[in-house]
Amino acid sequence: MLKRSLIEKYSAFGQVKQDSNGLPIITEWEQLPRLRRSMERMTESQPGVGQDYWDLFLLKKALEQPTNQSTNRPTEILSSAHIMARLEESCLFVVRKICQDFVYLKISPEECFYLARAEAANPRKLFKSFDFHRGCKITTYVKRPLRNFLLEKVRIGHSLIKYRPPGLLKNISLTHLKDIFKTTGVKNGFTYILARECFVEICCSDGVQQIPWPLDNRQLETIAQRYQSRLEAIAKSDNSPGKEYLPLTGKQIQEVLTELNQLIRDSFKIRHISRDNHSRDNNSECYSQLNYEQILPDDDNYDEEKQIIQRERQAVESILSDAFSKLSQPIQNMMILVHGLGFGQGEIPTVLGFRNQSEVSKELKKQRQQLLKTLVTALPQQLEIDEPIQLTSEQVSQGQKEIKEWLKKYSQKLYSSILADRPLNFIKNARQQKHNQVKSFLVKCLRSEIEINMDISLLDVTLTKPSIKKGLTVNELIEQRLTDFVETCLSENPTFFFNKQEETYNAHF
Amino acid sequence: MLIFEELREEFSDQVWLQISANDWQTASLSVQNASNQFAKYNAGLNRLVANKLMPWFQEEYDVEAKLWPSAEELPTIWEFVNGTALMLDNTRVAIVPSENIDIEELRVPQEWIDIPDWVANYYIAVQVNREDNWLRVWGYATHEQLKTNGDYDPFTQTYALERADVIEDLEVMWVARSLCPNETVKVHPLPSLLSHQVKSLLSQLSQPFPYSPRLEVEFSQWAALLSDSSTRKQLYELRSPHSKVAEVATSITAAFEKSLKKLLVRLSDLKEKVVTGEWQTIDQFIASVNQAELAWQFRQSDRDVISPSLRPETIHDLIDQIYHSTNEHQRKQAAERLADVRDQKEEVIEALVYLIRDTDNEETRWTAAESLWAIDPGNPVADIRMIKDLGMLLLNYPVALMAAMLEKANQKIAVLLRVYPLRNQRYLPSGLQLNVLDEKGNQVPQLEAEAREQDDYIQLKFTGDRLEQFSVRVALGEAEIIEYFVI
């Protein structure tokens with residue numbers, strides 16, 4: 001079920017259920033009144049601008065570093081809430097895909113969706129690497145980091161059971177700890193961190209398997225002594241937080257570590273950040289204080305910025321198109337299959353005749369590196385930038401992302417447009433077609449097109465050779481890749497295939 | 001449950017490698033010299049990651065990865081700091097492994113960022129999952145990123161970058177190597193440590209902490225000590241269990257059948273008054289035993305009675321000889337005679353100190369030192385002297401071992417070892433041997449002495465380097481006692 005109006009997109013949250021296939025679906029949308037009112041006011045002030053504008057505008061506001069907490073915080077919170085609502089469908093798409101790809105996740109689709117929603121509630125983290133100049137849609141961009149975040153959480157969730165408290169206390173990053181303190185409102189984070197550090201120093205030098213829990217009195221006393229000596233050392237240095245804290249007894253050390261262990265475990269549990277929670281949480285005060293004018297679009301150089309971005313995009317595409325066209329056909333095929341159609345490197349040797357996966361891996365690296373060098377060296381010239389540019393790894397990394405994104409778009413454009421032409425005679429009345437039948441037909445079309453275009457056979461391979469992944473054969477895996485590609489095309493633009501027939505197809509994703 | 005293959009495919013920009021039981025075993029076997037469990041763990045983890053990634057670099061990028069500074073020296077870094085540096089042609093990468101359950105940060109010890117000689121071009125984040133036996137390279141950052149944008153934590157002395165700021169795709173690094181070769185920023189030079197600072201730091205940091213001593217002193221001092229491969233090695237060796245390994249003392253008598261574990265004794269510690277246990281200063285020793293038990297050589301009162309007092313003009317002549325004579329034998333004799341002065345002590349002390357520092361002759365130096373001990377026992381120039389009652393262990397002959405050191409002008413250390421009879425024994429038993437052994441337990445040529453009939457002591461003198469290790473063997477017949485030292 002898709003959101004209909006612009007207002008709804010930025011103010012409504014879904015009711016998630018599990019369908020008969022075990023996949024999450026949204027059965028109804030419910031608008032949060034505060035968000036609806038806010039969005040109405042904004043759209044009234046800026047009539048005629050579409051969702052792409054609001055996506056970027058609200059994301060910018062959500063990511064703005066508060067210079068004055070009292071005035072900027074409500075803007076950040078409100079913008080984050082709009083973005084969170086906007087990402088509901090992206091969350092659903094990602095979770096559905098994960099549930100399809102990993103049938104043994106040991107987590108319900110609803111729970112998985114709540115995990116995704118919790119991540120979407122923190123745009124500062126999710127969009128930290130988002131480049132406003134790349135012209136990428138936020139709903140498209142977010143899918144990869146969201147999927148990564150979710151799978152990391154699931155992986156950690158599975159591992160948690162293996163960790164006794166000593167192991168968990170030792171093997172957690174300081175950044176995660178600080179994040180926990182921030183989200184749970186813990187004020188005395190320094191005490192926890194110091195106690196943890198001393199515990200690790202004193203007890204964890206020989207692994208964590210043999211450490212008793214609770215710790216024995218001798219260990220606790222030693223930790224308490226170490227805690228005190230560290231406090232004293234810190235107190236000697238200026239501006240240190242250690243001056244504000246008192247020593248702990250062994251018993252208190254145990255209490256602090258026990259609480260910390262629980263906080264860490266809780267941090268990996270599913271947090272139900274629903275629309276109600278979001279309105280009920282400690283941000284509600286900010287809502288009431290909010291001056292809606294703060295979030296209204298300011299007089300920025302939107303058009304000018306857009307032109308610059310477009311120019312950059314054109315330059316990137318021109319360089320990459322040119323460089324890609326100069327590659328040999330087998331190499332182009334390989335890159336399209338891997339980057340555009342999602343083939344695994346292990347599936348390429350049998351399809352394209354490489355010796356083994358290692359050869360594919362090396363060839364891919366080599367070609368991508370060549371493309372990358374071409375892009376980052378030619379771009380300034382293309383943009384007529386005369387001054388010498390001192391490149392950084394971050395910029396080169398951005399170039400690498402551009403290439404992967406371009407390869408994906410290029411391949412998808414190539415084959416999705418072919419698919420869009422093919423079903424014209426088949427789907428006379430899409431409303432009556434079963435979704436799976438349509439999908440199956442499109443997969444066959446795609447297979448056929450690839451085989452013709454690349455002059456290869458996707459079937460004439462070692463059919464019986466089992467893949468190491470999920471017990472599937474290579475052919476079965478290829479079938480899955482093609483299906484995934486078709487599903488992505490349908491989900492990202494459900495009306496694409498039916499525009500010519502003026503049909504509206506509800507892909508029901 | 002996500003299996004390894006699924007994770008590898010899902011996070012395809014990252015490098016995923018499986019770890020076998022053999023990998024763990026190989027890594028742990030190669031780090032047995034670490035001083036404590038923390039160091040062993042750290043060295044094992046780093047060795048494992050290096051063992052896995054070096055062939056991977058070779059296989060994937062046809063570049064030979066070499067350990068920096070060298071395979072031999074890396075354990076001296078792993079003793080204290082997490083991280084392994086590799087040279088990939090002219091590029092230095094520091095691999096920073098972590099067993100954290102999450103990958104929300106790349107946290108790099110300050111040493112790899114702020115020690116000028118240690119600065120790497122790139123810092124590679126590696127997560128090691130011991131439970132599921134895999135490791136992954138999940139990103140990298142440049143020195144500039146860490147130094148400029150990293151969050152410095154003074155409490156752990158680390159720089160950290162959040163995951164989103166880390167460049168996930170290691171492929172980028174290979175292109176960046178050629179397109180942006182210098183992504184390091186200048187760091188402050190480290191202070192030069194004076195010799196007494198080095199000595200003090202080594203003494204403090206070689207204590208048996210169960211953790212790395214890296215946070216125990218101010219960073220600039222720690223970094224200066226660590227960046228010098230020589231002092232780092234010295235600290236490593238001081239902490240190494242092999243410098244404290246016991247030797248077995250054997251004897252035909254029941255008393256010698258036990259194995260005796262002896263802790264390494266630092267000669268310099270005496271100056272800090274930190275020597276405890278069986279070793280004592282001369283003052284402590286004399287105070288602790290019955291005067292009657294002391295051998296003649298120790299009884300200063302006897303000396304007072306026997307030696308006539310010197311006249312002022314004689315003292316003046318002797319001092320003049322010390323300063324101006326070119327005859328070393330004459331200077332030595334002058335120093336010996338000045339042990340008996342009772343007046344004009346300040347001038348005499350000054351002359352003796354001058355002689356200790358000025359002479360190139362070890363006999364002269366120690367003669368001057370002995371005179372100084374007699375007239376000014378606490379003088380700091382000759383203050384490092386200790387003695388141990390070896391009891392009745394040598395076939396029931398009571399003897400004491402004295403060890404003393406003097407700082408020479410060229411940073412070398414003069415060492416004196418002397419064995420005395422005790423408990424009213426006027427002479428040492430004939431045939432008693434005194435030998436100096438090197439750190440491997442081999443006899444040092446020419447550093448051996450044997451008591452003859454009516455020898456009231458035997459001694460050996462030699463010169464060594466700071467922190468050099470040696471042991472002393474005192475033996476009689478088949479009975480022997482070995483004491484371990486570090487200069």
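Residues are numbered from 1 along each chain as its sequence is written, and chains are lettered from A in the order in which they are written. In this predicted model, local features need pLDDT of at least 70 and side-chain atom pairs count only at pLDDT 80 or more, whereas totals for chains, interfaces and linings use all residues; side-chain values use heavy atoms, with hydrogens and water left out.

**View 1. Confidence along chain B.** The predictor's confidence in each residue is given as pLDDT, on a scale from 0 to 100. Chain B has a mean pLDDT of 83, and 86% of its residues reach 70 or more. Over residues 270-276 of chain B the pLDDT is below 50, and this stretch has 14 contacts (heavy atoms within 4.5 Å) beyond near neighbours in sequence. Residues 299-306 of chain B also stay under 50, with 10 contacts beyond four places in sequence. Where pLDDT is low, the predicted coordinates should not be read in detail. The model as a whole scores ipTM 0.82 and pTM 0.70.

**View 2. The interface of chain B and chain A.** The contact involves 59 residues from chain B and 65 residues from chain A. About 5400 Å² is buried between the two chains, and carbon and sulfur atoms give 52% of this area. Buried area is the accessible area (1.4 Å probe) that two parts lose on being put together, summed over both. Three residues, B:Glu10, B:Ile101 and B:Phe155, supply 15% of the area that chain B buries against chain A, more than any other three residues.

**View 3. Pairing across the interface.** A salt bridge is a side-chain nitrogen of Lys or Arg within 4 Å of a carboxyl oxygen of Asp or Glu. By this rule, 13 salt bridges are found across the interface of chain B and chain A. One of the pairs joins B:Asp169 to A:Lys404, with the closest N and O atoms 2.8 Å apart.

**View 4. The side of chain B that touches chain A.** Elements that give two or more residues to this side of chain B include helix H1 (4-10), helix H3 (37-61), strand S7 (134-142) and helix H7 (170-179). Helices (H or I, at least four residues) and strands (E, at least two) are DSSP runs, numbered from the N terminus. Helix H7 of chain B gives the most, with 7 residues. By class, this side of chain B has 24 nonpolar, 9 polar and 26 charged residues. Here Ala, Val, Leu, Ile, Met, Phe, Trp, Tyr, Cys and Pro count as nonpolar, Asp, Glu, Lys and Arg as charged, and the others, Gly among them, as polar.

**View 5. A:Ser397 at the chain boundary.** A:Ser397 is found in helix H21 (residues 393-421) of chain A. With 8% relative accessibility, A:Ser397 counts as buried. The term buried means under 20% relative accessible area, exposed means over 50%, and partly exposed lies in between (1.4 Å probe, protein chains only). Leaving aside residues up to four places away in sequence, A:Ser397 touches B:Ile167 and B:Val172.

**View 6. B:Asn133 in a loop.** The loop between S6 and S7 of chain B holds B:Asn133. This residue is partly exposed, at a relative accessible area of 30%. B:Asn133 and B:Ile19 are 114 residues apart along the chain, yet their C-alpha atoms are separated by 4.9 Å. Beyond residues up to four places away in sequence, B:Asn133 touches B:Gln18, B:Ile19 and B:Trp24.

View 7. Over all chains, the count comes to 47 salt bridges. A:Asp55 and A:Arg86 meet in one of them (2.7 Å, N to O). A:Asp55 lies in helix H3 (residues 51-63) and A:Arg86 in helix H4 (residues 69-86) of chain A, so the pair ties together parts that are 31 residues apart in sequence. A:Asp55 is buried at 2% relative accessible area, and A:Arg86 is buried at 5%. The side chains of A:Glu347 and A:Arg481 also form a salt bridge (2.7 Å, N to O).
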